[in-house]
Amino acid sequence: MSSDVLLSFPVLSGGAVFVVLLLILAIYRLRRMIVNQSDIRRQESRTLDKALQKANKQVLELRSVVVGLGQKISEQEEVILHLDERIKELEQQDNDARLYTRASKMVQLGADINELIEECELPKAEAELMLSLQKKLSGEEKVPPLASRPEGKPLQKKSPPTKRRV
């Protein structure tokens, strides 16, 4: 009899209902767990999206900074090129000054016009001028007085201004 009672319809139907309820409970818990995992993934996704947007903004800011730096570098390159050209000009002027200093020393040591032209690469007129100036400075040649003005009018001495009495 005991096996008849266990296999009876109400026991079997009660057992089936119990198993169905257990399955529904397991499905409900599984669904809640899936929903919770889905919510966690959505929150992670939102957090990652926000981080990505922040990183994109930073990249854009960096790009603008890099463009600005590129422009400043270009400006500085132009300044450097200008300064380099200026340095070369000054070096050339310095070389010219050295040539004239050397020519002056050579004249003081008694060099003639041909030596000045060859050694210092001076034009003939400048070499002659240097020789003439050296002779005038050493007293070998006298400096002519300025008797007339360039316009051809003689130089007149001006009388000192008179004081007016009030």
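The following legends describe close-up views of a predicted model.

**Figure 1. Overall helical architecture of the predicted model.** The protein contains four helices and zero strands, and its elements are arranged as α-α-α-α from the N terminus on. Of the 166 residues in the protein, 7% are buried. The accessible surface amounts to about 15,600 Å², and carbon and sulfur atoms account for 60% of that surface. When contacts between residues at least 6 apart in sequence are considered, 16% of them join residues at least 24 apart.

Figure 2. The patch is formed by Phe18, Val19, Leu22, Leu23, Leu25, Ile27 and Tyr28. Together these residues present about 710 Å² of accessible area. One of them, Leu25, belongs to helix H2, which spans residues 9-108. Leu25 has a relative accessible area of 42% and is therefore classed as partly exposed, the limits of that class being 20% and 50%.

Figure 3. Arg41 is partly exposed, its relative accessible area being 49%. Glu44 is likewise partly exposed, with a relative accessibility of 39%.

Figure 4. Lys88 and Asp84 are about one helical turn from each other because they are four residues apart in H2. Lys88 counts as exposed at 51% relative accessibility, whereas Asp84, at 35%, counts as partly exposed. Side chains of opposite charge can pair when their charged atoms come close.

Figure 5. Glu119 is partly exposed at 42% relative accessibility. Arg102 is also partly exposed, with a relative accessible area of 38%.

**Figure 6. Glu121 in the loop between helices H3 and H4.** Glu121 is located in the loop that connects H3 and H4. Its backbone has a positive phi of about 55°, although the residue is not a glycine. With a relative accessibility of 65%, Glu121 counts as exposed, the cut-off for this class being over 50%.

Figure 7. Ile117 lies in helix H3 and is partly exposed at 28% relative accessibility. Apart from neighbours within four places in sequence, Ile117 makes contact with Leu122, Lys124 and Ala127. The C-alpha atoms of Ile117 and Ala127 are separated by 6.5 Å, with the two residues 10 apart along the chain. Ala127 is one of the buried residues of helix H4, which is the subject of the next view.

Figure 8. Helix H4 comprises 15 residues, 124-138. From its first C-alpha to its last the helix reaches 21 Å, close to the 21 Å expected at 1.5 Å a residue. Its buried residues are Ala127, Met130, Leu131 and Gln134. These residues lie on the same side of H4 because they cover an arc of only 95° around the axis. Ala125 and Leu129 are exposed residues carried on the face of H4 that is turned away from the buried side. After the helix comes Gly139, which has a positive phi near 90°.

Note on methods
Residues numbered from 1 in each chain as written. Predicted model: local features only at pLDDT ≥ 70, side-chain atom pairs only at ≥ 80, totals over all residues. Heavy atoms only, no water. Patch = residues over 30% accessible without salt bridge, like charges linked within 9 Å, V, L, I, M, F, W, Y side chains within 5 Å. Areas by Shrake-Rupley, 256 points an atom, 1.4 Å probe, with all protein chains shown as cover. Salt bridge = Lys/Arg side-chain N within 4 Å of Asp/Glu carboxyl O. Helix = DSSP H or I, 4+ residues; strand = E, 2+ residues; numbered from the N terminus. Buried < 20%, exposed > 50% of the residue type's maximum accessible area, 1.4 Å probe, protein only. Contact = heavy atoms within 4.5 Å. Expected span 1.5 Å × (residues − 1). Arc of directions from axis to C-beta.
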